[in-house]
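The following note sets out numbered points for a colleague who wishes to examine the model. Each point may be checked against the coordinates.

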Amino acid sequence: MNMTRFQGQALLISTLVLSVVLLQIGLLGMIALISSSQSTSALENKRIAVASASACMESAMNRLARNGDYLGNETLMVASTTCAIRPIAGSSVPITIETRAQVGNQHARIRAMFSSRSPMAITSWVEVANF
């Protein structure tokens with residue numbers, strides 16, 4: 001009978017150890033899934049912020065093309081996000097327009113330079129870290 005008792009204890013301990021290992025694997029999988037979801041969300045927010053800042057730049061270009069005295073310095077709604085056109089630098093060429101947008105914790109700042117007003121000739125269009 002002693003041998004059966006030890007075999008039962010060994011089986012119980014083995015089952016507990018296996019359960020703990022499987023629980024840890026499950027928790028690690030859940031953590032990886034949450035982390036991946038957050039990364040995907042951040043990438044999507046960045047993509048939306050860049051699109052919004054780009055749309056704002058297009059709007060500023062259109063307004064400047066229609067009105068040579070356009071000075072920028074306004075906030076616009078683009079789809080469900082807001083973007084800002086900073087004050088336009090340069091009354092003569094080169095002209096610099098800067099726009100920014102934020103979605104969640106993701107920021108997009110775009111600076112474009114133009115060598116002429118009519119037609120608008122883009123010489124530079126870059127996303128920058130800061131203005």
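1. A salt bridge is taken here as a side-chain nitrogen of Lys or Arg within 4 Å of a carboxyl oxygen of Asp or Glu. By this criterion, R111 and E98 are joined through their side chains, with an N to O distance of 2.7 Å. R111 belongs to strand 4 (residues 106-116) and E98 to strand 3 (residues 95-103), so the bridge ties together parts that are 13 residues apart in sequence. Salt bridges with shared partners also bring R86 into one network with E98 and R111. Helices (H or I, at least four residues) and strands (E, at least two) are DSSP runs, numbered from the N terminus.

2. The model is predicted: local features need pLDDT of at least 70, side-chain atom pairs count only at pLDDT 80 or more, and totals for chains, interfaces and linings use all residues. Residues are numbered from 1 along each chain as its sequence is written, and side-chain values use heavy atoms, with hydrogens and water left out.

3. Burial is described on a relative scale: buried means under 20% relative accessible area, exposed over 50%, and partly exposed in between (1.4 Å probe, protein chains only). On that scale, E98 is buried because its relative accessibility is 12%. R111, its partner in the salt bridge, has 24% and is therefore partly exposed.

4. How many salt bridges does a search of the whole structure find? The search returns five. One of them pairs E74 with R63, whose closest N and O atoms are 2.8 Å apart. This pair links distant parts of the chain, since E74 is in strand 1 and R63 in helix 1, 11 residues apart. Both ends are partly exposed: E74 has a relative accessibility of 22%, and R63 has a relative accessible area of 29%.

5. E44 counts as partly exposed because its relative accessibility is 35%.

6. With a disulfide defined as a pair of cysteine sulfur atoms within 2.5 Å, the count comes to one disulfide. The bond joins C56 to C83, with an S to S distance of 2.2 Å. It links distant parts of the chain, C56 being in helix 1 and C83 in strand 2, 27 residues apart. The torsion about the S-S bond of C56 and C83 is about 85 degrees, and the disulfide is therefore right-handed. Both cysteines are buried: C56 has 0% relative accessibility, and C83 has a relative accessible area of 2%.

7. S52 also lies in helix 1. Is S52 buried or exposed? Its relative accessible area is 2%, so S52 is buried. Contact here means heavy atoms within 4.5 Å. Leaving aside residues up to four places away in sequence, S52 touches V78, T81, T82, C83 and A101.

8. Two strands are said to pair if DSSP finds at least two bridges between them. Strand 1 (residues 72-78) and strand 2 (residues 81-87) pair in the antiparallel sense over six bridges. Within this pairing, E74 stands opposite I85 of strand 2. The hairpin of these strands has two residues between them.

9. Most residues other than glycine have a negative phi, and most peptide bonds are trans. With a relative accessible area of 80%, A79 is exposed. N73, placed in strand 1, has a positive phi near 60 degrees. N73 likewise counts as exposed, because its relative accessibility is 58%.

10. The surface carries a nonpolar patch formed by I13, V17, L18, V21, L22 and I25, with about 580 Å² of accessible area together. Patches are made of residues with over 30% relative accessible area and no salt bridge; like charges are joined within 9 Å and nonpolar side chains (Val, Leu, Ile, Met, Phe, Trp, Tyr) within 5 Å. Accessible areas come from the Shrake-Rupley method with a 1.4 Å probe, and for residues only the protein chains shown count as cover. L22 is located in helix 1 (residues 2-66), and its relative accessibility of 54% is why L22 counts as exposed.
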